[in-house]
2 protein chains.
Amino acid sequence: MQLPSFQVPPRTIMTPGPVEVDPRVLRAMSASILGQFDPSFTSLMNETMELLRKVLQTENHWAYPIDGTSRAGIEAMLCSVIEEEDKVLVPSFGRFGYLLTEIAERCGADVHLMHCEWGEVFDPQDIISEMKNIRPKVVAIVHGDTSTGRMQPLAEIGAACRESGSLLIVDAVATVAGTEVKTDEWKIDGLITGTQKCLSVPAGMAPITYNERIEAVISLRKAIERGLVPQEQLTSRNLDRRIQSNYFDLSQLQDYWSPARLNHHTEATSMLYGLYEGLWIILEEGLANRYQRHRLNEQALVAGITAMGLSIFGNSSCKLPTVTCVEIPDGIDGEAVRAMLLDEFGIEIASSFGPLHGKIWRIGTMGYSCQKRNVLLTLASLEAVLLRHRVKIHPGEAVQAALDVYQQAVKQSS
Amino acid sequence: MQLPSFQVPPRTIMTPGPVEVDPRVLRAMSASILGQFDPSFTSLMNETMELLRKVLQTENHWAYPIDGTSRAGIEAMLCSVIEEEDKVLVPSFGRFGYLLTEIAERCGADVHLMHCEWGEVFDPQDIISEMKNIRPKVVAIVHGDTSTGRMQPLAEIGAACRESGSLLIVDAVATVAGTEVKTDEWKIDGLITGTQKCLSVPAGMAPITYNERIEAVISLRKAIERGLVPQEQLTSRNLDRRIQSNYFDLSQLQDYWSPARLNHHTEATSMLYGLYEGLWIILEEGLANRYQRHRLNEQALVAGITAMGLSIFGNSSCKLPTVTCVEIPDGIDGEAVRAMLLDEFGIEIASSFGPLHGKIWRIGTMGYSCQKRNVLLTLASLEAVLLRHRVKIHPGEAVQAALDVYQQAVKQSS
């Protein structure tokens, strides 16, 4: 075979994920394998649940990762809760709202989709009115949609769901550990996140949490696998309401993540090591400090982009703090700019999807990638690339504006 | 928090997975993150496909990993192929045959289950007769079932499927890279394996391959996600026959693993590094050498167990070379023996499921765990633990018998 040997070029990753990972996490992942029922490993599973509860700001008992990428967690939550013909309300303000409808439809849901313009979010009262019309079993919504860089306020929606008996399921993939996500206080019943964004662990796991209201639905649908326990214990297999996926069946996953340890899949050993270490790092930094760091780097980035003369896309009152959408100047090939930034400077920023494709770049400030050095290097390099593409910008302004933000922050804290 | 810091005790893992991993794989996994659309990463995806084809002995174009554990791969294959009411024949000779029925049922299949006694496999002619009665769209079968330690011959079944128009889907999780699996020569249409067994990569990925016959079925069910391409391109979304899972939709995954790179999930970066390196290691050793190494260590283990005076479970003519099932002597608490082996010697062997629970231990000889040192240490330690439990065995015989096998092999090869 004529394949090159394994090599990874150095990169500064300023996309909405996957983002850079703390070397401590990578070191943890290089530890040797433990068997899945080794007490050292099952302790690690229990401790990971404990750390997750803290990061997700919840008292829920159930808080564990799905072995798959973020959308695996979303599908596990939705398909375990939604049954054929269940009414599901999905207020969508970007691509990942559509993803919720896609997954819910495939679970057989009667999906009611609410749209809003990309770049905006919903007035919570509009969602609450629609809930009154539809009386959905589930309201499924994205907290921060990276496709448009917007963040939906959730507290009022959570209160309304609790009052009306709807279950609130939230995709918080882009926000957890980067900005405030108060699972219990906002009355979120089921929440999904992903490892590859602000948790700053490699892609491949989707931590979830859910409360007793969701557990009650799941328990009614429980069916133990044949061949796993003696036949005589399988008198009631509860097949009518069985969850349509085996891999994503939370009633089985619960048993695997409980002292019963009923065998389901083989937990992803090295990824769990990485998640555990990543969660430790977050709690060592402290949630409040971590959110503050994300805000500061976002402010510096926005100040730099604006000083350069570029425009920030979308309604700023609902801007997602972990993603900054930048309008591509007229007549410029956004992909050529991205390619030069990657090829010459080793810096990656993201393009975008659907109606926004070719219209905006998306710059992430997430997790380990969210640091001063990265923001400054990105601004300096983007400026150089734009000048090279003959875009009319204000040379020299961007980095200075960002430095001002950082200096101001030091002054305020001292 | 009062949690212990991250630590992994030293272990010799002699279970049917997860098994030990070559330190080269762990080093590869500790490389820094690359963006999912970074050309360095998409090249790595393409190269991984090329390596996979060689390890899976196929000319199929489609050969890529599902981001999830082994059963994620099985579910992806089955739910992408099976539609409501499709007839699926599952000849089951152990727990993982039942798993195929579980998954197929949840896809809405009309499942026809064939049983055989645990410890046996099927006469291929019996399966072929049943195929003639039922005319299934799919025959789904396990190649090596670790629950009973048996391996089903597949070549005749493959030929019969090709002739009759049925699709043959094989769970080869326990056999690929440990013993011969000839995907194309045996006329297997779809094949699934896992990383945590003989591939000797951490759990969390399930490489699959499938041919044009399966691709044709999948293509008819293709439906692009809303929000991913401009609305006007979504005139035909083909919703009637849409695959019931979004995460496991092979028609979308194909687009992600093709030059189109249509965004689906975020590929699990570090796991892909590990898989790539693990496949390289397999091809460097050479498939024939690797199978030979697995046979030799199995022979030494079986010779040792037998010399000790213990019995090997099941029909030896269909023994799975990568798992050895040992009958637990009468009156002995199998779990106490396993616990002492782990606690005092740091060696892990496996218990078993369903009807065999408490009756057999299962000892794996897979991948990096499959080496002389591990076999000798396991035999010596198991002997000591059994003596401590006052089991009447022949002291001192086991390791000597294993050494004889290794010595004989050296003589024959010189």
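## Polar contacts around B:Asp86

A polar contact is a pair of N or O atoms within 3.5 Å, where within protein one must be able to donate a hydrogen and the other to accept it, and where residues adjacent in sequence count only if both atoms are side-chain atoms. One such contact, of 2.7 Å, joins the side chains of B:Asp86 and B:Lys137, and a polar atom of the B:Asp86 side chain also lies 2.6 Å from the backbone nitrogen of B:Glu83. The structure is a predicted model, in which local features need pLDDT of at least 70 and side-chain atom pairs count only at pLDDT 80 or more, while totals for chains, interfaces and linings use all residues. Residues are numbered from 1 along each chain as its sequence is written, chains are lettered from A and ligands numbered from 1 in the order in which they are written, and side-chain values use heavy atoms, with hydrogens and water left out.

B:Asp86 lies in the loop between α3 (70-81) and β3 (87-92) of chain B; helices (H or I, at least four residues) and strands (E, at least two) are DSSP runs, numbered from the N terminus. With a relative accessible area of 15%, B:Asp86 is buried, a term that stands for under 20% relative accessible area, with exposed meaning over 50% and partly exposed in between (1.4 Å probe, protein chains only). Contact means heavy atoms within 4.5 Å, and, leaving aside neighbours within four places in sequence, B:Asp86 is in contact with B:Val81, B:Gly108, B:Ala109, B:Asp110 and B:Lys137.

## Annotated residues of chain A

UniProt, in an unreviewed entry, places the feature "binding site" at A:Arg362, and the annotation "modified residue: N6-(pyridoxal phosphate)lysine", also from an unreviewed entry, covers A:Lys197. UniProt positions are given in the numbering used here, feature names are shortened, and annotations may be inferred rather than shown by experiment.

A:Arg362 lies in strand β13 (residues 360-364) and is buried, at 6% relative accessible area; the residues that A:Arg362 touches, not counting those up to four places away in sequence, include A:Pro16, A:Thr146 and A:Cys325. A:Lys197 sits in the loop between β9 (190-192) and β10 (205-210) and is buried, at 10% relative accessible area. Among the residues that A:Lys197 touches, on the basis of leaving out those up to four places away, are A:Pro16, A:Thr146 and A:Met366, and the A:Lys197 side chain reaches the backbone oxygen of A:Pro16 at 2.4 Å.

For A:Cys79, the nearest cysteine sulfur, that of A:Cys107, is 5.2 Å away, and A:Cys79 is buried at 2% relative accessible area. A:Cys325 is likewise in no disulfide, the nearest cysteine sulfur being that of A:Cys318 at 11 Å, and A:Cys325 is buried at 0%.

## Helix α13 of chain B

Helix α13 (residues 397-413) of chain B has 17 residues and reaches 25 Å from its first C-alpha to its last, close to the 24 Å expected at 1.5 Å a residue, where the expected span is 1.5 Å times one less than the number of residues. Buried in α13(B) are B:Ala398, B:Ala401, B:Ala402, B:Val405 and B:Tyr406. These residues are on the same side of α13(B) because they cover an arc of only 135 degrees around the axis, the arc being that of the directions from the helix axis to the C-beta atoms.

The buried residues of α13(B) pack against α10 (287-308) and α12 (372-388) of chain B, whereas the face turned away from the buried side carries the exposed residues B:Gln407, B:Val410 and B:Lys411.

How values were computed. Disulfide = S-S within 2.5 Å.
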